[in-house]
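Here is a short briefing on one protein model. The points below are grouped by topic.

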Amino acid sequence: MATIPLTLDEEIRQIGYISRSTPKDKQVLMDEIRRMKKEKNAVILAHYYVDGDIQDLADYIGDSLGLSQQAAATDADMIVFCGVHFMGETAKILSPDKKVVIPDMNAGCSLADSAPADEFAAFKAKYPDHIVISYINCSAEIKALSDIICTSSNAVKIVESLPKDQKIIFAPDANLGRFVAKKTGRDLVLWDGACIVHIDISLEKLTALRQKYPEAKFIAHPECQEHILSQADFVGSTTALLKYVMEQPDEVFIVGTEAGILHKMKQSVPNKKIIPAPASENNTCACSECPYMKMNTLEKLYNTLYYEKPEIFVPEDVRVKAEASVLRMLEMSKGL
């Protein structure tokens with residue numbers, strides 16, 4: 001049987017990007033990316049967790065919602081989202097008329113993948129009198145099944161703003177859900193999802209590290225497990241952790257989240273010592289790294305701009321429902 005040639009989309013989906021003769025010199029590569037960005041009226045968004053070189057090239061650096069809002073506000077024709085798949089979807093949900101591409105279609109998310117839409121729909125059906133609040137780190141399909149989206153920075157306030165007798169399903173991150181439940185005193189029905197990066201922080205290694213640096217403040221993301229959060233001097237979103245390091249007078253910080261944020265922290269406070277919280281597994285950096293975020297490379301970014309692929313598509317019926325849950329959060333947040 002004759003082999004049917006793969007389309008460009010299919011090939012990119014399989015291998016992440018098309019191999020081509022990209023410039024070998026790093027500076028030339030970065031200059032070419034800047035040239036194509038200007039030529040194609042594109043905007044480059046980079047999450048705090050991607051490689052530092054990509055962050056340095058980006059027009060905007062931040063968390064997933066903030067980046068999508070920035071993109072929606074620009075007059076760019078194309079959004080290049082250097083992050084993971086659900087982030088590209090969020091940008092497309094808020095900017096349906098813009099082309100949205102990501103450097104690697106295989107850059108998924110363990111947390112988003114932990115909530116398959118069909119299984120979640122069946123779970124939701126068991127609680128017909130509950131509303132669904134979903135953390136933004138979820139797929140477009142889960143956003144479409146949700147009533148309100150939240151972020152790690154506003155989840156507590158969103159829950160607190162609802163009547164105390166309102167029953168709530170919180171998805172997909174159970175650790176963030178437990179953190180919110182503890183802060184609000186609310187009894188939440190939790191979907192059992194988790195981020196592989198944040199649950200991999202080792203308490204034993206962290207304890208040893210704190211003994212080595214007794215003056216250090218330990219700060220952590222609420223996606224971490226309860227026994228890690230109980231050790232933290234401060235718990236907050238990625239952006240909140242960055243702000244804390246910048247504003248506090250302390251000189252040494254141990255950071256309990258994906259190690260990519262250290263690039264921005266060290267740029268912002270070069271005089272301070274920033275240490276990544278240790279991972280349970282023995283890896284080269286002795287820190288927590290997201291393998292999906294690290295799939296974003298300069299070479300893939302170059303190819304994404306060159307080919308304008310792989311492109312993110314969200315079915316319109318899903319997009320409209322997902323947009324409604326995101327917009328409800330934004331509307332509620334105005335008064336919080």
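Leucine 301 touches Ile33, Ile44, Ile54, Leu57, Val80, Cys82 and Pro103, leaving aside residues up to four places away in sequence. The model is predicted. Leu301 is also one of the residues that touch the most other members of the largest nonpolar core.

**Nonpolar cores**

- The largest nonpolar core holds 99 residues.
- Ile33, Val80, Ile133, Met265, Leu301 and Leu305 touch the most other members of this core.
- Two of these, Ile33 and Val80, are among the contacts of Leu301.
- A second, separate core has 10 residues, including Ala115, Phe123, Ile142 and Ala171.

**Aromatic pairs**

- The whole structure contains 8 aromatic pairs.
- One of them joins Phe123 and Tyr127, with ring centres 5.4 Å apart and planes at 55°.
- Phe123 is buried, at a relative accessible area of 15%. Buried means under 20%, so Tyr127, at 26%, counts as partly exposed instead.
- Tyr244 and Phe253 make an edge-to-face pair. Their centres lie 6.2 Å apart, and 85° separates the planes.
- Both partners of that pair are buried: Tyr244 has 11% relative accessibility, and Phe253 has 0%.
- Phe120, Phe123, Tyr127 and Trp191 form one aromatic cluster.

**Open sheet**

- Four strands form an open sheet in the order S10-S9-S11-S12, and their pairing is parallel.
- Strands S10 (234–235) and S12 (273–276) stand at the edges. Each has a single partner strand, so one side of each lacks a neighbour in the sheet.
- Strand S9 (residues 217–220) runs parallel to S10, and 2 bridges join them.
- Which residue of S10 is the bridge partner of isoleucine 219? The partner is phenylalanine 234.

**Helix on the sheet**

- Helix H14 (residues 261–268) lies across S9, S11 (252–256) and S12.
- H14 runs at about 175° to S12.
- Met265, one of the residues with the most contacts to other members of the largest core, falls within the residue range of H14.
- Phe253, with its 0% relative accessible area, falls within the range of S11.

Technical notes
Residues numbered from 1 in each chain as written. Predicted model: local features only at pLDDT ≥ 70, side-chain atom pairs only at ≥ 80, totals over all residues. Heavy atoms only, no water. Pairing = 2+ DSSP bridges. Contact = heavy atoms within 4.5 Å. Axes fitted to C-alpha atoms, helices over the stretch in contact; angles between N-to-C directions. Core = buried A, V, L, I, M, F, W, Y, C linked by side-chain atoms within 4.5 Å. Buried < 20%, exposed > 50% of the residue type's maximum accessible area, 1.4 Å probe, protein only. Phe/Tyr/Trp six-rings, centres within 6.5 Å; stacked < 30°, edge-to-face > 60°.
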